[in-house]
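Hi,

Here is the structure I said I would pass on.

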Amino acid sequence: MSASEDRCRLVLILPDLADDAALVEQLSAALEGGDVASVIVPQYDLAEQAFQARAEKLVPLIQEAGAAAMICGDTRVAGRSKADGLHITGPLEELGEAIEKFTPKLMVGAGAAADRHKALEVGELRPDYIFFGKLDGDIKPEAHPKNVALGEWWAAMVEIPCIVMGGTDASSAVIVAESGAEFVAMRLGVFSHPEGPRAAVQQINASLDEKAPRFDA
């Protein structure tokens, strides 16, 4: 058990890079920086075959670091790459079908919960986690206040873990942690960090170790 598991943990969202080799290099550096709970792999504009090839390079790297590899949307790519789970951002019907078909063999996480009503509808389907924000929604240094507020509301009343999207500044992870959310997702805050992904993950974990509330407190 990691000592970090009693506080908010880091989830990485891979950036939109065309070059798989560059993506592998950046991800490797990030994973060397310290504790990462999981890595979400978006498809972006890749065709299925290219996404499959990318997943087959990334999934073993993620798993060897002790993190969960979560593939966005494509169930076939997730299965063939032996990923740990699926991140579903589509409608409730798609989420429900994925949970029914793949749980417990694969984890199934839910995005696209933009408000409390939708979040409660998602929660009724019992995904493994709920994600507040957009995977590419880190457009400002700080985490979006609406997403932080949703995370705080959810964490206070629902047992299903939540992930809240952070901002482009690595320090935004602490604000998310203070909401009570179990996980903070970072994309540009790690992969566009001026000191590089390894240093970003080190800094985020150090800040969370120092400032994040403990769940058993």
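Predicted model: local features only at pLDDT ≥ 70, side-chain atom pairs only at ≥ 80, totals over all residues.

Residues are numbered from 1 along each chain as its sequence is written, and side-chain values use heavy atoms, with hydrogens and water left out.

The protein has nine helices and eight strands (DSSP runs numbered from the N terminus: H or I of at least four residues for helices, E of at least two for strands). Its radius of gyration is 16 Å, close to the 17 Å from the globule rule for 217 residues, so the protein is as compact as a globular protein of that length (taken over C-alpha atoms; the rule is 2.2 Å times the number of residues to the power 0.38). Of those 217 residues, 52% are buried (under 20% relative accessible area, 1.4 Å probe, protein chains only).

Now the helix pair. α1 (residues 20-31) and α2 (residues 48-64) pack at about 15 degrees, with axes 11 Å apart (lines fitted to C-alpha atoms over the stretch in contact, angles from 0 to 180 degrees between N-to-C directions). That makes α1 and α2 roughly parallel (under 35 degrees). D20, L23, V24, L27, S28 and L31 of α1 meet R54, K57, L58, L61 and I62 of α2 (contact means heavy atoms within 4.5 Å).

Cheers

Note on methods
Parallel < 35°, antiparallel > 145°, perpendicular 65-115°, else oblique. Buried < 20%, exposed > 50% of the residue type's maximum accessible area, 1.4 Å probe, protein only.
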